[in-house]
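Subject: The structure we talked about

Hello,

Here is the structure for you to look at. Please open it first, then read my notes beside it.

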Amino acid sequence: MTTPSLKVTIGGVEFKNPILTASGTFGYGEEFDEYIDLSRLGGIVTKSITRHERKGHPPPRTAETASGMLNAIGLANVGVDAYVREKLPFLRNLGTRIVVNVAGFDTDEYLYVIDKLNGHDEIDMIELNISCPNVKGDGMEFSSNPQIAYDIVRRVKEICGFPLMPKLSPNVADIKPIAKACEEAGADALALINTVYGMAIDPFNWRIKLTNITGGLSGPAIKPVAIAAVWKTASVVKIPIVGIGGIMDYRDVIEFLLAGATAVQFGTANFVQPDCTIRAIDDLTDYLVSRNIQDVNDLIGKAKKT
Amino acid sequence: MERFPIPGTFLHIKPNTTGTDPLLRRAFSIFDYDETSGVVDILYKVVGRGTEVLSRVRPGETLDVLGPLGNGFDLPLTIDHLVLVAGGVGIPPVYLLAKSHLRQGFDGNKINYLCGLTTAAEKPMADRVEKLPINLQFATDDGSLGFKGFVSELLRARLDDGSLGINPVICACGPDGMLKAVQTIARAYGKKCYLSLESIMPCGVGTCLGCVVKNDGEEKYMRVCREGPVFEASEVEL
């Protein structure tokens, strides 16, 4: 039998396989260069960048929990100017797709950062982190309200020279109206989910484990939350979904595709096993061969009700 | 491992062979290295879920180990006197540093190892240190072995009585409180000092930005796993 096709298309961009790395877990790509062959990845999503450099929250910034971890890094990043100057050159000609995650605390910041990225042809797509607190509003996340999400995506889409993929928060009563609002505002794809609100306290010294009090939960603990979010979102939007949340191996990849995702991002797993993505690509290929499935797209949305 | 590791570098070990709890690797400073067999040792105390699971691993089982990682001690053999200060499970990196220097011909008479323990019952942790041809002194909280008091106080006493040479370089590893005391003493006496820091390290390779420590003077953070774990005492704010 011929080698199955792993190619997927998202927002008009073809990815050689559906396995990407999640923002904030893969640095700017260069950190993993000595561990894996980056050209084998479907794509790299780089760490959130903002208008100015951000140093991040005081430590402790992370705490391990049952099959997961909490983080409150605080969007530490080099800022868009240094990103373009120092980080983008490495990402050029890597042989994989480059998705740049952009964060902001008001609309102007998103527009400023996108404007600085426009024209840099090593970038294939923008992932819009709209899970940051809206400092000009009431501190609520942009992606927690359909109207706010619509407005920000609409404004960014007007000036963005790349396909645009908002990344949605799971910390909402219903993700469907927010996903629909993003689609109507012109989003080319959706990435979900971002981390789940969480907190941990040491029972012996009574201290809250993170300096920031609360943080974002990631890892296998949140996978069922993410699967449900992808399933629900897939039922209301036509644009492709990139699934994120606790993916550790090829079995998790398949689960997300069956739920309706076109591609996935590996996050926390990169911390545990630097070559988790490469293993998953190989194992996914073997799985398709063993099932006589010619095209990975044949898995998308094929979950059966029991 | 194939060659003698740089003292102060660490191994990132997955405590369990299967499953996701605990999920993350744990960082352990390299304790010892046998050049004939290539075997590496670590020294740890069971303090939480990760070390508890690790302690149940039996001989013959295979562990997933990443490393050696990080920046260790980078000390020339031309230094005048080497003063090693260890607190409890902080013994390994400075033990390996002594061993590494001895192996390269550094005079053991010019190495002082100040070993801080809670009580004499912990002495087996320092068995290997005792076998090195260096000057070893103990400090215990309860005075059951050697100097009574913190090992940092022992360091101060020895600096005061001049028994640590004219121009010693101090290298320390241990609990945060101890490192802070050593840092303060080194600054007060104007001695060059290096600290090997401990931190929760989710990734160990510089990506997650979880293990940071504040840079002294500058408003920026440094990654313990990548820029450290060994820092010059003057560059970190503890």
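Below is what was found, chain by chain and then where the chains touch.

Please keep in mind that this is a predicted model.

**Chain A as a whole**

Chain A has 8 helices and 14 strands. Its C-alpha trace spans about 55 × 50 × 40 Å along the principal axes.

Of the 306 residues in chain A, 53% count as buried.

Start with helix H1, residues 80–91 of chain A. Which residues of this helix are buried? They are A:Val80, A:Tyr83, A:Lys87 and A:Leu91. These four cover an arc of only 75° around the axis, so they sit on the same side of H1(A). An α-helix has 3.6 residues a turn, so residues three or four places apart point the same way.

What do the buried residues of H1(A) pack against? Their partners in chain A are strand S4 (43–49), strand S7 (97–103) and helix H2 (107–117). The face of H1(A) turned away from the buried side carries A:Arg85, A:Glu86 and A:Pro89, which are exposed. Just after H1(A) comes A:Asn93, with a positive phi of about 60°.

**Strand S9 of chain A**

Next, look at strand S9, residues 164–168 of chain A. Here 5 of its 5 residues are buried. Both faces of S9(A) are covered. A:Leu164, A:Pro166 and A:Leu168 are on one side. A:Met165 and A:Lys167 are on the other.

Which way does S9(A) pair with strand S8 (residues 125–129) of chain A, and over how many bridges? The pairing is parallel, over 4 bridges. In S9(A), A:Met165 is the bridge partner of A:Glu127. S9(A) also pairs in the parallel sense with strand S10 (residues 190–192) of chain A, over 2 bridges. There, A:Lys167 has A:Ala191 of S10(A) as its bridge partner.

**A loop residue: A:Met199**

Where does A:Met199 lie? Find it in the loop between strand S11 (196–198) and strand S12 (215–218) of chain A. A:Met199 has 16 C-beta neighbours inside 10 Å, so it counts as partly exposed. Leaving out residues up to four places away in sequence, A:Met199 touches A:Ile208, A:Ile213 and A:Thr214. A:Ile175 is 24 residues from A:Met199 in sequence. In space, the two are 22 Å apart, C-alpha to C-alpha.

The domain assignment of chain B gives domain 1 (10–69) and domain 2 (81–237). Their C-alpha centres lie 22 Å apart. How many residues are in contact between them? In chain B, 15 residues of domain 1 are in contact with 15 residues of domain 2. On the domain 1 side, strand S1 (10–14), strand S2 (26–29) and strand S5 (64–69) of chain B each give two or more residues. That side of domain 1 divides into 10 nonpolar, 2 polar and 3 charged residues.

Chain B also has an open sheet of 7 strands. Trace the order on your screen: S9-S8-S7-S6-S10-S11-S14, with mixed pairing. Which strands are at the edges? They are strand S9 (147–148) and strand S14 (230–232) of chain B, and each pairs on one side only. Within chain B, strand S7 (residues 111–117) and strand S8 (residues 135–140) run parallel, joined by 6 bridges. One pair to find is B:Leu114 with its bridge partner in S8(B), B:Gln137.

**Where the chains touch**

25 residues of chain A are in contact with 20 residues of chain B. Which elements of chain A each supply at least two residues of this side? They are strand S5 (62–65), strand S6 (68–71) and helix H7 (269–272). The chain A side divides into 12 nonpolar, 9 polar and 4 charged residues.

Best wishes

Terms used
Residues numbered from 1 in each chain as written. Chains lettered and ligands numbered in written order. Predicted model: local features only at pLDDT ≥ 70, side-chain atom pairs only at ≥ 80, totals over all residues. Contact = placed C-beta atoms within 7 Å. Nonpolar A, V, L, I, M, F, W, Y, C, P; charged D, E, K, R; others polar. Buried ≥ 20, exposed ≤ 12 C-beta atoms within 10 Å, placed from the backbone. Arc of directions from axis to C-beta. Domains from an automatic or database assignment. Pairing = 2+ DSSP bridges.
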